[in-house]
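The following exercises concern a single protein model. Each task is followed by a solution in steps.

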Amino acid sequence: MRLHVIGSGSCLFRQEDRCPASYILETEHHNILIDTGAGTVDNIVKSEVSLGEIGCIINTHRHPDHVSDLIPIIQNRVVENVYYSGSEKNIDIYGPEGHESYVEGRVAEEMDSSLELLNEEFSFDVEVADVRESFKLVGLEIELREVEHGSDEFPCLAVRVDSGEKSVVFTGDTDYFEELADFSEGADLLVADCSMPDDKKAEGHMTPSECVRLAEKADTDKLLLSHLYPDMDEEGELREFDFEDVIKAEDLMKIEI
Ligand SMILES: [Zn+2]
Ligand SMILES: [Zn+2]
């Protein structure tokens with residue numbers, strides 16, 4: 001598997017080299033887009049994966065820095081199909097409870113259409129599913145669990161992708177909690193929400209020390225610190241941690257897994 005960091009930033013637009021959250025996980029059968037914050041489309045165009053190759057999207061939650069560019073991706077495929085011989089790949093979208101009606105609502109408001117109409121008219125389908133625990137894609141096991149980012153009415157998911165040989169965990173936006181280490185156990189790569197430095201801890205997010213603690217407890221191979229607020233860049237060099245493989249994310253960075 002290969003990870004493309006599409007956006008390593010957060011909801012603050014003060015870092016000219018960081019878009020909000022978005023990653024592409026390239027696997028043998030699928031290019032999975034995890035989160036679709038603002039700027040996702042712009043940065044995918046600059047990456048080695050084309051928009052037409054995206055067949056699966058998982059939104060961890062519905063804060064704008066994780067969902068803004070979702071409808072532009074659908075609109076792009078529609079227009080590519082109308083005016084050019086665009087991709088016929090289906091788009092399967094997964095998200096926490098309420099995601100199906102959320103996407104339906106945005107398609108109605110922003111595209112004056114419905115998923116049913118789009119699926120009748122074009123040579124690809126857009127399917128949306130609310131997900132809670134786990135599901136399978138060809139060659140992959142996808143596990144999910146709710147994390148600690150806010151109220152129960154606004155769920156956020158951590159995502160674990162297992163290919164049988166390798167595994168990657170995306171924490172989603174979350175505070176540190178012990179069970180997240182069990183969920184991340186033995187992952188080859190842990191992509192962690194590292195919003196703020198240790199001395200500026202924000203509730204519902206992790207600091208570098210908490211991310212390292214999580215990686216150590218889960219005995220993961222590599223740790224990618226991402227979802228970085230401007231404060232994480234203003235702090236200069238990352239402190240030296242005992243955990244060996246700590247990487248600070250950059251947009252358009254690639255990591256072999
Ligand atoms: Zn966020
Ligand atoms: Zn959030």
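**Exercise 1: A hairpin and its neighbour**

Strand β7 (residues 134–137) pairs with strand β8 (residues 140–146) in the antiparallel sense over four bridges; state which residue stands opposite Leu137 in β8.

Solution. Strands are DSSP runs of E with at least two residues, and helices are runs of H or I with at least four, numbered from the N terminus. Two strands pair if DSSP finds at least two bridges between them. In β8, Leu140 stands opposite Leu137. A hairpin is formed by β7 and β8, with two residues between them, and Gly139 in the turn has a positive phi of about 80 degrees. Next, β8 pairs in the antiparallel sense with strand β9 (residues 157–162) over six bridges, where Arg145 stands opposite Ala158 in β9.

The model is predicted: local features need pLDDT of at least 70, side-chain atom pairs count only at pLDDT 80 or more, and totals for chains, interfaces and linings use all residues. Residues are numbered from 1 along each chain as its sequence is written, while chains are lettered from A and ligands numbered from 1 in the order in which they are written.

**Exercise 2: The whole protein**

State how many helices and strands the protein has, and what share of its residues counts as buried.

Solution. The protein has eight helices and 14 strands. Of its 257 residues, 43% count as buried (20 or more other C-beta atoms, placed from the backbone, within 10 Å of the residue's own). Along the principal axes, the C-alpha atoms fill a box of roughly 55 × 40 × 35 Å.

How values were computed
A residue is buried if 20 or more other C-beta atoms lie within 10 Å of its own, exposed if 12 or fewer, and partly exposed in between; C-beta atoms are placed from the backbone.
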